[in-house]
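Me: I have a model open and want to go through it with you. Can we take it piece by piece?

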Amino acid sequence: MPDQPRIERPHPERPQSEKPMIEIRDVTRSYGAFKALDDASLTIREGEFFSLLGPSGCGKTTLLRMIAGFDNPTSGSISVGGQSMEGIPANRRPTNMVFQSYAIFPHLNVEQNVAYGLKRLKLQGAEEKRRVEEALAQVSLNGLGKRRATELSGGQRQRVALARALVMRPKVLLLDEPLSALDKKLREQMQVELRRLQQAVGITFVLVTHDQYEALAMSDRIAVMFGGRIAQVASPKEIYQRPVNRQVADFLGGMNFVKAEIVEENGASLVVDTLGFGRVRTDKPKAFVRNGGGATLGIRPERLRVLWDNATAKFEVAGKVVERHYFGEITHLIVEIPGLEKPLSVTETNDFGADDIPVGTSIRLAYDPEALVAMAD
Amino acid sequence: MRARSRFLPGGWLSVYAFLYIVFLYLPVIFLPIFSINTAPTPKFPLTGYTLQWYEDLPRTPALLDAAWNSLIVGISASVLSTVLGILAARSITRYRYPGRRAINGLIMAPLVLPEVIVAISMLLVMLQLGLSLSLFTVVLGHVLVCIPYSMTVLTSGFEGFDRSLEEASADLGESAFGTFRRVTLPMVAPAIISSLLVCFTISLDEFIIAFFLTGTEATLPIYIWGQLRFASKLPGVLALGTLLLVASFLLMTIAEILRRRAARRTQNEGGLYA
């Protein structure tokens, strides 16, 4: 299989269906006075790789467990494949789950683990064997069927958990932080594999994660959640480039925030005055709701480029390097700009010698006004 | 540290260790040795080798009665304390609630209470309740002393039982009963069998509580104690004691093997992540 591009979305090879697979309507889950999930509504489409992203305690796992049937909404409704899930226990739902701990049955071998759910279907012996082998091949575990769970590495256990769920041919595969127990290298490898697997089987995947890079790399769409509420639902690119508020922007990697005064507002665009960047016209985000005369502009550190020697750009700001941090392939510069209350973070690749810029140097930074995103205060 | 010192190459420490083991087990070794001696008095030098004392055992009706009683008491006490232990161990390992540790401590307490005090207290309670002393009261007493052992074995088997295993089973379409049969039971069965064996062994060997709480029916240890008054019966007692010793040793070994297997099953998560 040739390497597939990791970040290119949407995938041209398999057009997205617009048909809803999971519909979550006004779902609240309360524990006494505490609301783990607060009036959440969401539609997940058929065949989509969808991620629920947020810090721990944001309600993402609660939502996943309610889709699986391990928990029930205090109010609101969940339907899967057009069928209401109310009163339907976990063992009769068209969903299967990959648990964070993998939950491999330790008293059974790999084959018996994968065949566990098939036993209920009373398949013919040969048919069951064929499906188990097919599932093991899908996760590249051929030949390990007789191994005991205790003899497997973490990565292999995870593949068993995947095979055990996929063999049931569910409408929806739920994944609860499946990669969090793996080391970095294996995690990145599994991200690619999971994505490929999802494309191959075409099943709707719902992934819960607190790792923004994981969500960005794998998903068709992401829901970012905070404190039991869904803050934004969009494609990875849009979530990263056009976050609806500072919280979302902050959670998805570094972001420089600049105070702005709104000068002009119309349907599609926004003109603001800032101290460092002067007067800027930007796209008005769909979710922008004006709150007084102020707003916040954000720009990602990698969207600021160092201007070398006498190079000029149409849009530039001047400042002084106050800190420099070396990270191998990139260098992280902290640049003080006159008029800005906080210095800007700039990440620059090292191919032109950003790692050699001495602290104290005066430099100029180029930016594209398109990269400036307006957020309501 | 020198590497050599790790292997106890002679020196005082190994002498101490040797004496320690001798002190612990020498008396126990005398029992089987004298039980095959032809002379009825336990004295060196040995006069000859015989299995006569063992052959006499099945021909002693009082002994057979006592063995039968011990079997009934042992089975009842082990089943009862294991059932109670399962409930308590499940609660202690599965749920978090106020007083959990205190309750655990109270359940384990009979382990360190002086047995004679426990026996007298139980006797008082039984009499107050108007129960006449019988094998039934012995069973109750044995349940009390067995539960801490049962709890120890069962909690080590249940501890770390990943709740998501049961959820995974439900997720794969299995009913609640099916989950119990196909996941929960196979996972904890070794611990349960181990608990039964440990409790049976303890009940089989227990003397003080049985002595206070039994009426006219003797269990094996009480029968042995009664026989000690007659010098001529001593070889039979030694033979019987040897058999009890072997039985206890075997049962406890099997129980420990099963306990470890159960603990391995439930605790194999973690450690292997790579």
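**Strands, chains and contacts**

Reply: Strand β16 (residues 316-326) of chain A pairs with β19(A) in the antiparallel sense, over 5 bridges. Strands pair here if DSSP finds at least two bridges between them. Helices (H or I, at least four residues) and strands (E, at least two) are DSSP runs, numbered from the N terminus. This is a predicted model: local features need pLDDT of at least 70, side-chain atom pairs count only at pLDDT 80 or more, and totals for chains, interfaces and linings use all residues. Residues are numbered from 1 along each chain as its sequence is written, and chains are lettered from A and ligands numbered from 1 in the order in which they are written.

Me: In β19(A), what is the bridge partner of A:Ala318?

Reply: A:Arg364.

Me: And which strand do 3 bridges join to β19 of chain A?

Reply: Strand β15 (residues 305-307) of chain A. It runs antiparallel to β19 (residues 362-366). A:Arg305 stands opposite A:Ala366 there.

Me: There's an open sheet of 5 strands too. What is its order?

Reply: β13-β12-β11-β14-β20 in chain A, with antiparallel pairing. β13 (278-283) and β20 (373-376) of chain A stand at the edges with a single partner strand each, so one side of each has no neighbour in the sheet. The twist averages 45 degrees from one strand to the next. Axes for that are lines fitted to C-alpha atoms, for helices over the stretch in contact, and angles run from 0 to 180 degrees between N-to-C directions.

Me: How many bridges join β12 to β13(A)?

Reply: 6, between antiparallel strands, with β12 of chain A covering residues 269-274. A:Leu270 stands opposite A:Thr282 in β13(A).

Me: Zoom out. How many helices and strands in chain A?

Reply: 8 helices and 20 strands. The C-alpha trace of chain A spans about 75 × 45 × 40 Å along its principal axes. Of the 377 residues in chain A, 41% are buried. Buried means 20 or more other C-beta atoms within 10 Å of a residue's own, exposed means 12 or fewer, and partly exposed is in between; C-beta atoms are placed from the backbone.

Me: Which domains is chain A divided into?

Reply: Domain 1 (20-241) and domain 2 (254-376). The bounds come from an automatic or database domain assignment. The centres of the two domains of chain A are 38 Å apart, taken over C-alpha atoms.

Me: Now A:Glu336. Which strand is it in?

Reply: Strand β17 (residues 330-336) of chain A. A:Glu336 counts as partly exposed because it has 13 C-beta neighbours inside 10 Å. Leaving aside neighbours within four places in sequence, A:Glu336 is in contact with A:Gly319, A:Lys320, A:Val322 and A:Pro343. Contact means C-beta atoms, placed from the backbone, within 7 Å.

Me: And A:Ala165, buried or exposed?

Reply: Buried, with 25 C-beta neighbours inside 10 Å. A:Ala165 lies in helix α4 of chain A. Not counting residues up to four places away in sequence, A:Ala165 touches A:Asn96, A:Met97, A:Val98, A:Pro170 and A:Leu173. A:Val114 is 51 residues away along the chain, with 7.7 Å between the C-alpha atoms.

Me: Phi next. What is it near for A:Tyr102?

Reply: 70 degrees, a positive value in a residue other than glycine. Most residues other than glycine have a negative phi. A:Tyr102 sits in the loop between β6 (95-98) and α2 (110-115) of chain A. A:Tyr102 counts as buried, with 27 C-beta neighbours inside 10 Å.

Me: Over to chain B. Where is the kink in helix α6?

Reply: At B:Cys146, shortly before the proline B:Pro148. The kink is about 40 degrees, and α6 of chain B covers residues 135-158. The bend is the angle between axes fitted to the seven residues ending at a residue and the seven starting there. 18 of the 24 residues of α6(B) are buried, so the helix is largely enclosed by the rest of the structure.

Key: Two residues are in contact if their C-beta atoms, placed from the backbone, lie within 7 Å.
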